[in-house]
Amino acid sequence: MAAIARGGPGARGARAATTTNIVSQLRRGQLSGRGLTRGAQITEALLKERDKQAKWNGIPLLLQKLYEHSHPNSDFSQCQSILKEISPLLSMEAMAYVTEDRKAAQESTFPNTYTFDLFGGVDLLVEILMRPTLITQKKKQKSSLSPCEERDCPGALCALQPGNFKVSDDLIKDCLSILYNTCLCTEGVTRRLAERNDFVLFLFTLMTNKKTFLQTATLIEDILGVKKEMIQLDDIPNLASLVSSFDQQQLANFCRILAVTISELDTGSDDKHTLLAKNAQQKKNLGPSRAEINQATLLNIPGFIERLCKLATRKVSETTGTSSFLQELEEWYTWLDNALVLDALMRVANEEAEQSSTESSDESGLANSSTRTQLPQSMKIMHEIMYKLEVLYVLCVLLMGRQRNQVHKMIAEFRLIPGLNNLFDKLIWRKHSASALVLHGHNQNCDCSPDITLKIQFLRLLQSFSDHHENKYLLLNSQELNELSAISHKANIPEVDAVVNTDRSLVCDGKRGLLTRLLQVMKKEPAESSFRFWQARAVESFLRGTTSYADQMFLLKRGLLEHILYCIVDSECKSRDVLQSYFDLLGELMKFNIDAFKRFNKYINTDEKFQIFLNQINSSLVDSNMLVRCITLSLDRFENQSDAKVAEVLSECRLLSYMSQMSMRMSFLFRLINIIHVQTLTQENVSCLNTSLVILMLARRKEKLPFYLRTLQQMEYTEKYPGFILNNFHSLLRFWQQHYLNKDKDSTCLENSSCISFTYWKETVSILLSPDRTSPCAIVSYIDEAYMDIDRDFVEE
């Protein structure tokens with residue numbers, strides 16, 4: 001093989017080798033690291049001879065030239081000329097990849113990018129990019145001065161800046177562009193680059209240069225997306241200095257990368273999302289995860305959250321100058337993952353430019369020529385939408401992390417919620433124009449469109465912000481907070497402390513707060529809208545936690561209950577996800593609220609309507625069990641009150657009368673236990689277990705627990721399968737103890753949602769799991785020994 005490289009005596013025989021042999025030898029050499037590993041080792045004559053037959057399009061010869069001109073003391077301008085020849089061959093295939101149907105693209109072959117990688121092009125470009133770093137490291141060893149002192153530079157990052165050496169910005173951009181195109185079209189290249197931690201960290205140092213920022217960010221995002229181990233942000237040299245050097249546009253783009261580093265890696269299959277699997281994983285990982293460490297790192301960067309809040313809430317008119325964005329658009333032409341977005345932007349721009357020119361008079365020709373460089377308003381809006389998407393995602397993830405309270409405090413202080421409220425009508429929930437921007441191959445209602453995605457991300461942020469946190473009242477304005485106080489006074493109940501303590505300078509401005517605006521658009525949403533689920537989740541999160549009568553009445557007065565019932569009953573909603581979100585919201589809205597049950601009975605005023613409602617509940621108990629829990633808890637409280645109004649509603653309300661029947665409660669209990677098993681418990685369906693426990697805790701209060709257990713036993717015999725329910729329930733309760741009695745578990749959610757102390761929860765489970773077969777409240781007392789199967793270990797199936 002050395003003879004082939006040098007063109008010695010063995011070269012003549014090697015020329016007879018087939019193209020297949022060269023390819024297979026290269027691949028073997030690259031895998032083993034021995035023998036023929038790159039095209040530069042093959043003679044020019046052999047490459048020329050085989051090029052036409054193999055249809056290599058001269059790429060191996062160009063790479064050989066590139067190798068010769070890429071040594072530290074070489075003329076790098078020659079490298080750039082060679083890359084200019086290679087680049088069109090690869091970009092043509094990359095463009096085909098992103099414009100073809102995805103399935104067809106995956107089945108296609110891209111010979112130019114494959115050849116480029118096969119003959120060592122990827123490794124060579126990585127060497128060219130990183131060579132300044134290697135030179136710097138050698139100089140640092142020889143010099144007693146630091147690189148910054150040598151150059152009188154204020155930042156240590158300059159030590160890795162390619163601009164300080166012979167590698168020009170244009171050459172860096174060409175290298176990054178070709179690498180990206182190769183990653184796009186040739187399988188395995190992105191993963192190989194991801195395995196090189198030194199290269200990944202080096203790429204971050206290129207982001208200090210504004211001219212190469214966009215290309216670098218796009219390549220990093222793709223690499224991190226396939227990296228097996230999440231990168232640790234602490235490993236990035238001078239991260240705080242890097243972030244502080246970004247302008248607002250760069251920071252928004254950087255959020256795309258951060259999204260990969262702060263989100264927990266998806267385990268990839270549903271069975272791994274079971275609570276059994278999650279608990280086992282938590283036992284293995286005793287410390288915080290990489291994602292949690294990265295979240296803490298970001299929060300320690302001075303001014304980071306404040307800048308994100310400013311980005312999220314700035315108006316379109318406050319965006320930076322046109323010229324910088326036009327420059328960025330020009331960069332996007334070479335970045336094919338953004339090409340479709342750019343095409344759509346430019347199409348809208350051309351439409352507006354044509355409209356503008358037809359409306360112009362001849363006298364305004366001079367003025368019109370200057371406005372041609374102005375960015376059309378629709379492009380500005382879409383540009384801002386795409387930025388806000390990334391920023392809201394990062395804020396949302398941080399709000400759900402371990403430092404949630406710290407993040408809450410900061411985003412309240414930096415007035416994120418009032419800022420979003422001011423943008424609600426004009427940007428977040430703006431009306432679509434006739435030429436509303438959509439991506440190629442999609443439509444306006446597609447979840448992939450930027451407009452749709454922004455709305456969903458906004459709703460997810462509201463959900464995370466409101467969930468079990470007193471800052472939720474920042475979603476209101478001052479008048480609405482006063483209304484909450486008035487509701488409490490009228491009902492002669494104490495005001496909620498969080499309402500009293502809310503800082504009025506941080507609440508929403510204007511006539512309506514963000515929650516009220518959300519309710520308005522929610523009621524106008526079409527039946528088939530994908531937003532219904534997220535809207536219901538966002539509003540429900542405002543109600544979650546300790547039940548507040550004032551909060552419920554605030555929403556009831558705005559017609560929310562009637563809207564939900566219309567969607568469930570009159571429109572007969574079929575979407576499981578939407579139905580679940582409506583049932584959960586209805587449960588929080590009605591819990592312990594006699595006025596809500598009265599309104600329910602007024603709306604569901606016929607047997608036909610009530611039957612449709614019951615059919616929706618019974619169609620999937622996993623989706624409706626939180627509402628079943630609410631009705632059960634409310635009925636128990638109302639039955640213990642002597643108020644005349646409560647007594648009237650108890651006697652008239654179809655829903656309460658239905659649940660007051662013992663046979664109905666037992667039917668729900670039987671089915672709730674039957675639809676879940678330890679091996680299939682998830683965050684989604686574990687609520688069924690807790691709802692069944694609520695039914696039995698209320699029975700225990702009334703000293704009816706033995707009756708309920710005996711009835712379950714009788715129902716088993718009726719089904720001709722003795723023990724199958726009670727054995728399963730015993731296993732579920734054993735798991736409940738392992739899961740909820742973990743010291744890291746927060747039990748306040750169970751207490752707040754039920755108004756039953758967690759101590760009572762624990763005591764009830766212990767009583768049910770008692771091994772004493774003489775105890776009338778122990779499950780084992782109701783399982784015949786022949787059918788006993790309660791000691792099985794929890795193993796994933």
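This report looks at aromatic rings and the nonpolar core in a predicted model.

## Aromatic pairs

Let's begin with the rings. Across the whole structure, a search turns up 20 aromatic pairs. A pair of aromatic rings is described by the distance of the centres and the angle of the planes. For Phe 583 and Phe 613, the centres are 6.4 Å apart and the planes meet at 75°, so this pair counts as edge-to-face. Phe 583 belongs to helix α33 (residues 576–590) and Phe 613 to helix α35 (residues 607–619), so their pairing ties together parts that are 30 residues apart in sequence. Both Phe 583 and Phe 613 are buried.

Elsewhere, ring pairs join Phe 204, Phe 213, Phe 246 and Phe 254 into a cluster.

## Charges over rings

Arg 558 lies over the face of Phe 554, 3.7 Å from the ring centre. Over the ring of Phe 592 you will find the charged end of Arg 637, at 3.7 Å from the centre of that ring.

## The largest nonpolar core

The largest nonpolar core has 227 residues. Those that touch the most other members are Phe 199, Phe 204, Met 207, Phe 304, Phe 458, Leu 555 and Phe 613. Helix α23 (residues 377–399) supplies the largest share of this core, with 14 residues.

How values were computed. Residues are numbered from 1 along each chain as its sequence is written. This is a predicted model: local features need pLDDT of at least 70, side-chain atom pairs count only at pLDDT 80 or more; totals for chains, interfaces and linings use all residues. Side-chain values use heavy atoms; hydrogens and water are left out. Rings of Phe, Tyr and Trp (its six-membered ring) pair if their centres lie within 6.5 Å; planes under 30 degrees apart count as stacked, over 60 as edge-to-face and the rest as tilted. Helices (H or I, at least four residues) and strands (E, at least two) are DSSP runs, numbered from the N terminus. Buried means under 20% relative accessible area, exposed over 50%, partly exposed in between (1.4 Å probe, protein chains only). A charge sits over a ring if NZ of Lys or CZ of Arg is within 6 Å of the ring centre and within 35 degrees of the ring normal. A nonpolar core is a set of buried Ala, Val, Leu, Ile, Met, Phe, Trp, Tyr and Cys residues joined through side-chain atoms within 4.5 Å.
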